[in-house]
Amino acid sequence: MTPQEFDAFYAASFSRLTGQLYALTGNWSEAQDVVQEAFIRAWDRRRTFDPDHAPEAWIRTTARRLAVSRWRRLARGLHLAGRHQHREPPTVEPPTEEHLMLVTALRDLPEAQRSALVLHHMCDLSVEQVAAETGASVSAVKSRLARGRTALAARLADRIPTSAEGKLSV
């Protein structure tokens with residue numbers, strides 16, 4: 001990929017990837033940071049990126065791994081400092097109320113289910129692509145998707161107001 005092609009790739013995918021990582025992390029600033037760091041790492045590898053071989057998946061996977069590494073370092077640091085308090089990281093209000101409800105509901109899910117749901121439904125990856133990106137089997141991804149959808153529907157049903165007729169009023 002030439003520098004010009006990489007710039008075009010960056011411009012076309014940065015916002016989308018940041019939105020996807022926001023859904024995974026629940027923190028807008030964190031999502032921007034890890035996506036930016038992933039693009040910095042990709043810059044050195046741009047010559048090997050083939051637009052036909054999903055460079056966006058490489059960025060997304062790298063950003064997701066960076067976020068997990070940051071969470072682990074933070075958890076280790078808090079443990080070493082003797083702080084056993086669980087603090088909710090500050091969040092930035094999303095553009096819409098619906099987006100906030102979705103991210104909040106996703107945050108309540110186990111990480112494996114949340115990743116499968118975001119990668120499949122928000123990133124439009126096939127079950128096989130989700131399996132490849134997460135290192136899980138296809139059957140495990142299908143199971144995570146089914147369980148995640150059920151749990152997410154229950155969490156969203158508690159948050160979405162209904163009208164007098166019992167229909168959703170979003």
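This is a predicted model: local features need pLDDT of at least 70, side-chain atom pairs count only at pLDDT 80 or more; totals for chains, interfaces and linings use all residues.
Student: How many helices and strands does the protein have, and what counts as one?

Tutor: The protein has 7 helices and 0 strands. Both are DSSP runs numbered from the N terminus: helices are H or I with at least four residues, strands are E with at least two. From the N terminus on, the order reads α-α-α-α-α-α-α.

Student: What makes α5 oblique to α6?

Tutor: Two packed helices are described by the angle between their axes and the distance between the axes. Here, the axes of helix α5 (residues 111-122) and helix α6 (residues 127-134) come within 10 Å and cross at roughly 135°. That angle makes α5 oblique to α6. The cut-offs are under 35 degrees for roughly parallel, over 145 for roughly antiparallel, 65 to 115 for roughly perpendicular, and oblique for the rest. As for the axes, they are lines fitted to C-alpha atoms, for helices over the stretch in contact, and angles run from 0 to 180 degrees between N-to-C directions.

Student: Is that crossing left-handed or right-handed, and which residues meet there?

Tutor: The crossing of α5 and α6 is right-handed; the term applies if the near helix is turned clockwise from the far one by less than a right angle, with anticlockwise giving left-handed. On the α5 side you have A116, L119 and H120, meeting V127, V130, E133 and T134 of α6. By class, the contact of α5 with α6 has 4 nonpolar, 2 polar and 1 charged residues. Nonpolar covers Ala, Val, Leu, Ile, Met, Phe, Trp, Tyr, Cys and Pro, charged covers Asp, Glu, Lys and Arg, and the others, Gly among them, are polar.

Student: Why does D124 count as exposed?

Tutor: D124 counts as exposed because its relative accessibility is 63%, and exposed means over 50% relative accessible area, buried under 20%, and partly exposed in between (1.4 Å probe, protein chains only). D124 lies in the loop between α5 and α6. Its phi is near 60°, a positive value in a residue other than glycine. After α6 comes G135, also with a positive phi, near 80°. Within α6, V127, V130, A131 and E133 are buried.

Student: Why is the pair of F14 and F39 called tilted?

Tutor: Their ring centres are 6.2 Å apart and their planes stand at 45°, so the pair is tilted. Rings of Phe, Tyr and Trp (its six-membered ring) pair if their centres lie within 6.5 Å; planes under 30 degrees apart are stacked, over 60 edge-to-face, and the rest tilted. The pair links distant parts of the chain, with F14 in helix α1 (residues 3-25) and F39 in helix α2 (residues 28-43), 25 residues apart. Both F14 and F39 are buried.

Student: Which residues form a cluster with these two?

Tutor: F6, F9, Y10, F14, F39 and W43 form one aromatic cluster. The structure holds 8 aromatic pairs.

Student: How do the axes of α1 and α2 cross?

Tutor: They come within 8 Å and cross at roughly 145°, and the crossing is right-handed. The contact of α1 with α2 divides into 15 nonpolar, 6 polar and 2 charged residues.

Student: How do you know that S13 and V34 are buried?

Tutor: S13 counts as buried because its relative accessibility is 1%, and V34 because its value is 0%. S13 is found in helix α1. Contact means heavy atoms within 4.5 Å; leaving aside neighbours within four places in sequence, S13 is in contact with F39 and E56. V34, in helix α2, touches L21, A63, L66, A67 and R70, not counting residues up to four places away in sequence.

Student: What makes E5 partly exposed?

Tutor: E5 has a relative accessible area of 42%, so partly exposed is the label. E5 sits in helix α1. E5 and R46 are 41 residues apart in sequence and 9.1 Å apart in space, C-alpha to C-alpha.

Note on methods:
Residues are numbered from 1 along each chain as its sequence is written. Side-chain values use heavy atoms; hydrogens and water are left out.
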